[in-house]
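Here are my notes on the model, as numbered points.

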Amino acid sequence: MDSPMCLVENADGELHVVPGAIKYLMGLNQQVVVVAVVGLYRTGKSYLMNKLAGKRKGFALGATIQSKTKGIWMWCVPHPEKRDHTLVLLDTEGLGDVEKGDSQNDAWIFSLAILLSSTLVYNSRGTIDNQAVENLQYVSELTERIKVNSSSAASSSHDDEEGGDAQFVQFFPNFVWAIRDFTLLLEIDGRNVTEDEYLEHSLELRKGGGKKILMYNLPRECIRNYFPSRKCFVFPTPTTPANMPHLDSMDEADLCGSFRKVADTFCRFIFQESRTKTVKGGHKVTGRMLGHLVNAYVETIAKGSVPCLENAVLAMAQIENQAAVDEGLVVYQRGMEEVKALFPVAMGQISAHHLRSDHQAMQAFMKRSFKDENGDFLKALAVAIAKHYADLLIQNEDASEKRCAALLEKLSAPMAQKTKEGIYTTPGGYELYCSHHDNMVAQYRAEPDKGVRAEEILEQFLREKSLEKNSILQADKKLTENEKKIHEEKARSAVLEQEKKAAEEKRAEMERTMEDDRRSKDEKLKQMEEKMKEEMKQQEQDFHRALECKMQEQKDLLEKGHKEKADLMRQEIEEFKKSNTPEMEGDGFLESKVMPVLRFGLDAANTFFQYKLMKVAFMK
């Protein structure tokens, strides 16, 4: 993407997605690291985004008191350090724009930035004083504007979320506070401190009760609870006040050296520490999936409802999994086109192509699908592939029948002409007929690429010719009655022998098909089990990360003497553990609950496949 484009438009106080931006995301199959910047208007947010993009110009900086960025703008660039990842930069409309006059609108912009990002950069000016913290008032409203579970999406009560704030910690982005134009010394009580220590000091809670202390503590508690992973950068003024309006046109070398150093450290931290965007369940997000999320969240907000992480993921899973089925089937069909062009082919050849194409289809499906917990979409793909393979087997049989029938017609044409001329009706004609007949069958058998019905079509041909053969036998005056009986028995034996060969051919074909089916099912189960284990592993990692953060927060509260708050935090941690226990059962959960459902679904697909093959065999 050469330049930023508007992703979410803010027009007349209403948010709308921009179709062109969504279309771009839908074509982006790489996983994404999403960095969003929020903050008061005219605080230099866009400069940081341009710096992360490695460009001097891009997001509009502006040099007046008017806010330049409206809605949410997006810039997708190759990630400088994560291979096969795209860095998605989101520059949001400045909060507190006097021309807008709608704090509700600001709150939704802030909420969207949190919902869409893996790292949230809060940009402010001056120092972290009480006013700066209070400007983050939207943090205290997050539980009213974002829900984790669908069961609580219709409710406005924070208590409806099992596990409380810990649920949010699992899915919320890392938090970076960027303080611009910082002119003070990093000292607390005469002691030098780091930028992070300065941030933590600013977020310390006050002891005691009363409305004033509660109001002081509320935004700090929210920041501490929702964003346990916090980082701070203090930027000195980049240039003189006279040059500030021309910041976007200035060379880097003309900026203050200490500012450039902090900016480089900031970018390095974002590139190295910002995680790939994930959603509930630990699923890593691609650009296409991000587009679905933007659509879902903005549409929900437009309806006056509260965005729900679980609902958005479920809706996205339905879309992506159906697309994964369609994509997997296309991969399979494309893989079978090569062998289809060669029909008729032997069973081993079409079987090899089937297994290879089936494997490729599964890989395509697994790469795109997620949260297919009951295997419904895997079963749908298995049924679709089985149906297509059964159709191809029929087409291959039909092609074999046509090839063999045409070949026998061609090879038997000279004998048909001799029969018409009466050559075989003379004494000794039967012996000549049998010689020509055996030679014709030998030529037929020597012909390659007859396909899977070679013996069956020959058996039908011999049965059709048995009357002709017998009439020539009976008309041969050279043979005695006893010799004729011996020849009749020999002819019947030859027909029966050919019937056995035809039956063996059909049995071998059926056995090979069933074996392919079994191998295909086993591979699907294996791949699905591995995928679900990986998803559960990621989910467990997110759970433990959130748990460790909350336990550290509880420890800090105890150390600072906030025993009552620490006790509440302990209760919240216990609720969080209980609410996540069923999902953390690991292999036992997979084997006892999930895999039987998958086996049943794939067995149903196999039953359909076998039924269709048996039906075809019966009709033949």
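1. Leaving aside neighbours within four places in sequence, which residues is Phe110 in contact with? They are Val38, Leu95, Leu120, Leu136, Tyr138, Val139 and Leu142, contact meaning heavy atoms within 4.5 Å.

2. On provenance: this is a predicted model, in which local features need pLDDT of at least 70 and side-chain atom pairs count only at pLDDT 80 or more, while totals for chains, interfaces and linings use all residues. Residues are numbered from 1 along each chain as its sequence is written, and side-chain values use heavy atoms, with hydrogens and water left out.

3. Phe110 and Trp177 have the most contacts inside the largest nonpolar core, which has 70 residues. Such a core is a set of buried Ala, Val, Leu, Ile, Met, Phe, Trp, Tyr and Cys residues joined through side-chain atoms within 4.5 Å; buried means under 20% relative accessible area (1.4 Å probe, protein chains only). Helix α3 (residues 103-116) gives the most to this core, nine residues. (Helices are DSSP runs of H or I, at least four residues, numbered from the N terminus.)

4. The axes of α15 (residues 454-475) and α16 (residues 481-559) come within 8 Å and cross at roughly 170 degrees. Axes are lines fitted to C-alpha atoms over the stretch in contact, and angles run from 0 to 180 degrees between N-to-C directions. The two helices are therefore roughly antiparallel (over 145 degrees).

5. α13 (residues 376-421) packs against α15 at about 30 degrees, with the axes 9 Å apart. That makes α13 roughly parallel to α15 (under 35 degrees).

Notes. Parallel < 35°, antiparallel > 145°, perpendicular 65-115°, else oblique. Buried < 20%, exposed > 50% of the residue type's maximum accessible area, 1.4 Å probe, protein only.
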